[in-house]
Every structure is written in structure tokens, then in C-alpha cells.
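User: Please take a close look at the aromatic rings of this structure. How many aromatic pairs are there, and which charged ends sit over a ring?

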Amino acid sequence: MTYYSHYLDEYFSWLAELLVSFGVPADQGQFAAFIATYLGLTLLVLLLVVLLLRRRGGAAKKKLATIPEQEMESSEPLPSAPERAVVESVESPEVLIPEQSLPPQKEASADQVEEPAVSVEVGLFQRMRQGLAKTRGSLLGRVDGLLSGRSHLDDEFVEELEEILITADFGMQATQELIDVLTERLRTQSGLDAPALRQLLRDEIRIRLQSPTLEWPQPHQGPLVVMVVGVNGVGKTTTIGKLAKQFADQGKKVVLGAGDTFRAAAAQQLQVWGERAGAEVICQAEGSDPAAVAFDAAKAAMARQADVLILDTAGRLHTKVNLMEELKKVRRVLGREIAGAPHETLLVLDATTGQNALSQAKIFQEAVEVSGIALTKLDGTAKGGIVVAITTQLDLPVRLVGVGEGVEDLRPFDADEFVDALFAVS
């Protein structure tokens, strides 16, 4: 849904303008567009149901028509229910195994009880590995190809390796550091060796990755407040929904604040996620002051003794000064209502945008003191080196990564797991 948000924005804007031209009040245009769309979809579903029922009825009539006429006109009465049961039991007898012949069931040992947890962890690693498949193929496949038939280090090799790293979005700073270290070490070796180069890359990438604590901050009093920022279309609202569901599954009471009041249907989208997570959503009318939403959400979280408050924010036109000033205002309101808030300012970036994501991170970091990164759509890019670029150039930890569509595919970032999945042998 998030991926097509800009198309939805254009559609609702167009429909709202159309309805206003027919006499709908301008301030009710967006709401009327939403209602009209809902009614239209409902009518379409009903029409499909009617067509399906008619098709099934026609199929039944066709089947009835294929029955031989003499069978339909037979005067023999149909067997009663008891008689049919006797006939069915004779035609397909059920074999009963005496209870004493069944082998006794063994009680599960402690090791057997723990097996599901192990398989879950294996599944999580496999999802990370699958999510990084494009990056792994692009990076390691090209490195192996570069080494094929080459026996010594030369300037051409260095230039091509530099190009591979840059096109994988490692960034200029991280790429230059890796090139310097790799060439220095390779010069001391008698020849080029693909496994050795892989190991060097693996070790140097791990050194440059920050692995933040997997635990969220623990405020002395009141709820944990997570302020989520980022431009539109990066998966911000979806990330909030998945994060809320994960907190709720841990038994925590969650409140969501719909602070993105400028994007059409943003609050409705967050409410859908709130229903899935069992979290209350605090929202106001579209176009209202985001700081007012932050105030209401903070008050509601305190009054309901919530464990976690996650606040969505506007993301359009991140280069505009007025939006950054609005985000600063939201931070001030949260800090005034809840001591130390926001305890975490999470910047959501789309991994598929590459170096543009790095530019966004710089701007938001200067404006709102970003404390961590949530990198989405990592499974949809062959340029996973952006993780290294962010941690190297901005000194910001990547806290969460998205490697799939499921709630469980929003994973706490672990540098060791990332490197293992990136260099996993197929």
C-alpha cells in the first residue's frame, strides 16, 4: 500500500476536485472522495458476488442436463439416510486400530521442547539471507568475475573494484577506505585469491558497521516515545504499523499518533495498522497542526498508562525549511509533555533510493537529532552497501531493516547477521 501512496494521493486529489465541481463543499472534498471510493468498491464487490453466483447456478443446471433421462425418470425411491449410511460403510469400510496396538507416545524432552525456537531463528536468518540475495549476487558475483583469470594486483583491478563498491552504494568515503585497506593487504600477498579477498571484504565491512543495542531506551517514567520521520513513500507508516504489532505481541500497550496530517488518507492507513496491532490511534482532521496531534497523543498515552507511544510525522518536501521547523516544534511538544521525549527519533529510509537516502539522512539528522535508522525494502535492491555508507559517513546506527512484507520481516539490525547473510555461500 505504501509503495503506491503517491498514486493514491493523485487519485484522491483528482476525485475531490471533481466532487467540488459538482457542488460538494471544498473542505469536505477529501472526505467525500474517500466515501465515494468506498461505495464504489462495495458496489463492485457485490456485482462480482452476483456474477459468481449466477455462474455457479449455470454450472449446476448444465450438470443436471447431462444426467441420462432414464435415470431422472426412474421410479425407484431414493434410499433413506440410515440405508445410505449402511451402504457407504460397506463400500468404504473404516479400519479401526485397537488402542492397545498403538505404540506408546514418548514425553517430549527438554531439548525437543526448545526445537521450535531454534527453527524460528533459522527462519529469520533465511529471510535476511534471501532479502540480501540481490546485493550478494551483485557484489560478490562481480568481485569473483573481476578476479577470474587475473593473477596480480594492478591499477585496472583497483579501478574496477572501486566501481563495484560505488555502484553497490557503499559511498565514496567507505569505498575509499575499503580500497586503501584491501590494496595494502593484497600487495603483501603473492597472488590474487577470490576466497581471501572475500574474507578481507567481510572483515573490513564488519569493522565499519555499528551494531546498536537491540534494546529500546527505558524511560524512568511514562511511556517510551518513538518519533518516526522520513519522506513520503519510504514505508514510514508501514514500519510504524509493524513496529506497533511487535510491541503489542510483547504484551505492551501501544498508542499511535497520526501526525502526518498533510498526506491524504495517512490517518486512515495508520488506523488500519492500529486495528491489527490492537493499538489506539490518536488523530485529528486532515491538514491540522501536527504539533497538536503530538500533544493529544502524549496526553492520551499518559492517561491510558501506555508502554509505548509511536508518533508518525509529515514527510513531504524534506528539503523545505518550514517542514523541518515543524518537526522541531513536534519534538519540543513531546519533550514538554513527557520527560526526555522523544526517547528515540527513528529515520525511515528506502534502501532502493541509494545515495538519495544518504542525502535525506544528512538533512534530517541536522534538523531533528536522528538517533537511529530504519532501512526498508532492503530485499528489493542490489545496493545493500547503503548500510555501510550510512554508518560510515553519518555515524548513525541502523536499528531496523526491512527484508520482506511480513511483520516479522522488520528485523532488529545485527551487524554480524548482516555480514553472515551477505557473504553466505549459496
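Analyst: The following account treats the ring pairs and then the charges over rings. The model is predicted, so local features need pLDDT of at least 70 and side-chain atom pairs count only at pLDDT 80 or more, while totals for chains, interfaces and linings use all residues. Residues are numbered from 1 along each chain as its sequence is written, and side-chain values use heavy atoms, with hydrogens and water left out.

A pair of aromatic rings is described by the distance of the centres and the angle of the planes. Rings of Phe, Tyr and Trp (its six-membered ring) pair if their centres lie within 6.5 Å; planes under 30 degrees apart count as stacked, over 60 as edge-to-face and the rest as tilted. By this rule there are 2 aromatic pairs.

W216 and F247 form a tilted pair, because their ring centres are 5.6 Å apart and their planes stand at 55°. This pair links distant parts of the chain, 31 residues apart: W216 lies in the loop between α9 (194-208) and β1 (224-229), and F247 lies in helix α10 (residues 236-249). Helices (H or I, at least four residues) and strands (E, at least two) are DSSP runs, numbered from the N terminus. With a relative accessible area of 15%, W216 is buried, and F247 is buried at 3%. Buried means under 20% relative accessible area, exposed over 50% and partly exposed in between (1.4 Å probe, protein chains only).

F413 and F418 are also a tilted pair, since their ring centres are 5.5 Å apart and their planes at 55°. F413 is buried at 0% relative accessibility, and F418 is buried at 1%.

A charge sits over a ring if NZ of Lys or CZ of Arg is within 6 Å of the ring centre and within 35 degrees of the ring normal. The charged end of R399 sits over the ring of W216, 4.4 Å from the centre, and that of R276 sits over the ring of W273, at 4.6 Å.
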